[in-house]
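Here is a short note to read alongside the structure. Keep the 3D view open and take the points one at a time.

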Amino acid sequence: MRRAAIVGTGAIAAAHAEALRAAGERVELVAVVDVDTDRASAFAEEWGVPRVHPTSAALLQAEELDVVHVCTPPRHHVPVAQECLAANVNVLVEKPPALSLSGIDTLIAAERASTGRVATVFQHRFGPAAIRLRRLVSEGVFGRSFVAQCDTLWYRGDAYFDVPWRGTWDSEGGGPTMGHGIHQFDLLLSVLGPWQEIRAVAVRQARDVQTEDVSMALVTFADGTVASVTNSLLSPRETSQLRFDFERATVEVEHLYGYTDADWTVTPAPGHDEIVTRWRGEPSGIVSGHRCQLTAFLDALDSGEAPPVTLADTRNTMEFIAALYASAFTGTVVKAGQIGPDSPFHATMEGIGAPWTNNR
């Protein structure tokens, strides 16, 4: 049995605790940490966790652990992960794993010096339908990829941003591009492979925040696929949508925070009805989410493989975000590999600064 701990007992920690409980005898949640000791104690009581520690350093000194789930506000992700790696403990870190590309590069360097490994929570990669889609794409079943659409249209009112660390570059690293739409376009990237260039806009339409509340991008992929990506926190009818137009079929999913097979549709091109039969041949009612990724994470630990999603995978998604902000804030096309250590968008997603005046 693996021994796990959770650092940060805010809202997302419940999803991790639930996934750990669902894993049964494969893993035991032995301790939690939070700066708010009352909240940590209440969480521990709710989930039957035997011990509470005041800091991640105290946790690592007191416990023998296989994995730490990092569920703190984003600005603490890298420091906590570094502490765990220094103790040779594996890390499963919530999104965004860092506030910048430089933060990811810091983690990559720390991981090289450790026997521990870091995986990022991008749980929508692990739903059965997404796994099936990637496999059928790799097998050439759908033919060439032509067009894609990725929309994260969510709603967050003013009260959502009353939490002090929300809506700031220093604490969250960005707006919906960084903290909300990242789930959907990470899945998009996992299906379509390397992206090539981005043309983007980011605006602050309504919320009293430092960051954007809407962004849009046109993306060209290495295989020639063109895609649109929209991230919004101003959309009263909330939805998360992905659409892939392949040579032989259109594949779509619409959900909100997690999908099952029932949320996906496959529309064949004329003469390719067999694709629908093949898609439906592996039905599943499993909801994409933390349970699916934790299962894959534990399987990797058991087999001695690198747990998914690796820091190399994560860096590709984080570079996409940095390029989107760079394109939006400079008004230029940004290509993959263009944001190096000398770029202002390497150290912070804000880069040269947002084009709007911050009145927060």
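Does Glu197 count as buried or exposed? With a relative accessibility of 12%, Glu197 counts as buried, because buried means under 20% relative accessible area. Please keep in mind that this is a predicted model.

1. **The partner of Glu197.** Now turn to the residue that Glu197 meets. The side chains of Glu197 and Arg199 come together in a salt bridge, at 2.8 Å from N to O. Arg199 has a relative accessibility of 40%, so this residue counts as partly exposed. Elsewhere, salt bridges with shared partners tie Arg2, Arg26, Asp66, Asp299 and Asp302 into one network. The structure holds 21 salt bridges, and two further pairs are picked out below.

2. Have a look at Asp186, which pairs with Arg125 in a salt bridge whose closest N and O atoms are 2.7 Å apart. Distant parts of the chain are linked here: Asp186 sits in helix α9, Arg125 lies in the loop between β6 (118-120) and α6, and 61 residues separate them. Asp186 and Arg125 are both buried.

3. **Two helices side by side.** Next, find helix α6 (residues 128-138) and helix α9 (residues 182-192), whose axes come within 9 Å and cross at roughly 25°. Angles under 35 degrees count as roughly parallel, and that crossing therefore makes α6 roughly parallel to α9. On the α6 side, Ala130, Leu133, Arg134 and Val137 make the contact; on the α9 side, Leu187, Ser190 and Val191 do.

4. **How covered is α9?** How many of the eleven residues of α9 are buried? Eleven of its eleven residues are, which leaves the helix mostly covered. Among the buried residues of α9 are Ile182, His183, Gln184 and Phe185. Just after α9 comes Gly193, with a positive phi of about 80°.

5. Ile104 is part of helix α5 (residues 101-112). Its relative accessible area is 0%, so Ile104 is buried. Which residues does Ile104 touch, leaving aside those up to four places away in sequence? They are Pro97, Ala98, Leu311, Thr314, Arg315 and Met318.

6. **A nonpolar patch.** To finish, go to the surface, where Phe146, Val147 and Val226 form a nonpolar patch. Together, these residues have about 210 Å² of accessible area. Phe146 is placed in strand β7 (residues 145-155). Because its relative accessibility is 35%, Phe146 counts as partly exposed.

Conventions: Residues numbered from 1 in each chain as written. Predicted model: local features only at pLDDT ≥ 70, side-chain atom pairs only at ≥ 80, totals over all residues. Heavy atoms only, no water. Patch = residues over 30% accessible without salt bridge, like charges linked within 9 Å, V, L, I, M, F, W, Y side chains within 5 Å. Areas by Shrake-Rupley, 256 points an atom, 1.4 Å probe, with all protein chains shown as cover. Salt bridge = Lys/Arg side-chain N within 4 Å of Asp/Glu carboxyl O. Helix = DSSP H or I, 4+ residues; strand = E, 2+ residues; numbered from the N terminus. Buried < 20%, exposed > 50% of the residue type's maximum accessible area, 1.4 Å probe, protein only. Axes fitted to C-alpha atoms, helices over the stretch in contact; angles between N-to-C directions. Parallel < 35°, antiparallel > 145°, perpendicular 65-115°, else oblique. Contact = heavy atoms within 4.5 Å.
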